[in-house]
Amino acid sequence: MAADRTDHYFDDDPAAPSDPVTIDVTLPDTAFVLETDRGVFSRGRLDGGTSMLLRHDLPVPATGDLLDLGCGAGPIALTMARRAPAATVWAIDVNERARSLCTRNAERNGIANVLVRHPDEVPGDVRFATIWSNPPIRIGKAALRDLLTAWLTRLTPDGTAALVVQKHLGADSLQRWLGDQCWATDRVASKSGYRLLTVRPRSEL
Ligand SMILES: C[S@@+](CC[C@H](N)C(=O)[O-])C[C@H]1O[C@@H](n2cnc3c(N)ncnc32)[C@H](O)[C@@H]1O
């Protein structure tokens, strides 16, 4: 590999040669097959944090627009779509290979209510009844804060976001920062080094 080559999972259009691995994802209420690949987060397994989010008893609005922020191969988007078949699930990612995988994974599991898009392709007037995310912590603190601010601002007034973050990657300081920004944030679960945070729309500053 060339010394300057970057193929981190958060790169747009990763350069790593494709080498797909298909996994079975089994949750208490649903199951699906997920194709994963190099250059996309968590190849060959369901991430522990994502698993925690999906296994927690979080409500999913039955209708409206829902968002999976940073969809990767799509485990969160597909689960939301299965749990809320009358809702529209937006699955967004900057990584082109992730978007392709997510599109294929929705199709192969017969899930029709997922819209896979680059973040710039989501119309500006769409508001989300819920946002679920295993966010891209590794893009750096400033970029992550900008990303969360941009999308949390688009929650409906009674919407809620759920974020799963590793403790050692700064979950507690992220929770404090969100609170300081007037996003009411609660830690609803803590397990195996992960924190599950719920976030409500920002009160007036
Ligand atoms: C921790 S991974 C989670 C992937 C998937 N949701 C899962 O649980 O397996 C974070 C994802 O965020 C994506 N990402 C990075 N920067 C982003 C941005 N600015 N907007 C949207 N997604 C981004 C990455 O490409 C990556 O797929």
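1. Basis. The model is predicted; local features need pLDDT of at least 70, side-chain atom pairs count only at pLDDT 80 or more, and totals for chains, interfaces and linings use all residues. Numbering starts from 1 along each chain as its sequence is written, and side-chain values use heavy atoms, with hydrogens and water left out.

2. Length of α4. Helices are DSSP runs of H or I with at least four residues, strands are E runs of at least two, and both are numbered from the N terminus. Helix α4 covers residues 141-152, which is 12 residues. The expected span is 1.5 Å times one less than the number of residues. That gives 16 Å, and the end C-alpha atoms are 16 Å apart, so the two agree.

3. Faces of α4. Buried means under 20% relative accessible area, exposed over 50%, and partly exposed in between (1.4 Å probe, protein chains only). L144, L148, W151 and L152 are the buried residues of α4. Seen down the axis, they fall within an arc of 95 degrees, so they line one face of the helix. The arc is taken from the directions from the helix axis to the C-beta atoms. A142 and D146, on the other side, are exposed.

4. Cover of α4. Contact means heavy atoms within 4.5 Å. Among the elements covering the buried residues of α4 are β3 (65-69), β6 (128-133) and α5 (171-180).

5. Second largest pocket. A pocket is an open set of points on a 1 Å grid over the protein atoms alone, where a 1.4 Å probe fits, with protein on both sides within 12 Å along at least five of seven lines; lining residues have an atom within 4 Å of a point. The second largest pocket has a volume of about 150 Å³, the space filled by probe spheres set on the points, which are joined across faces, edges and corners. Its lining includes G48, R55, H56, K191 and Y194. Helix α1 gives the largest share, four residues.

6. Positive phi. Most residues other than glycine have a negative phi. C182 has a positive phi, near 70 degrees. C182 sits in the loop between α5 and β8 and is partly exposed at 28% relative accessibility. S192 also has a positive phi, about 50 degrees.

7. A15. This residue lies in the segment before β1 (21-26). A15 is partly exposed, at 45% relative accessibility. A15 and R38 are 23 residues apart in sequence and 9.1 Å apart in space, C-alpha to C-alpha.
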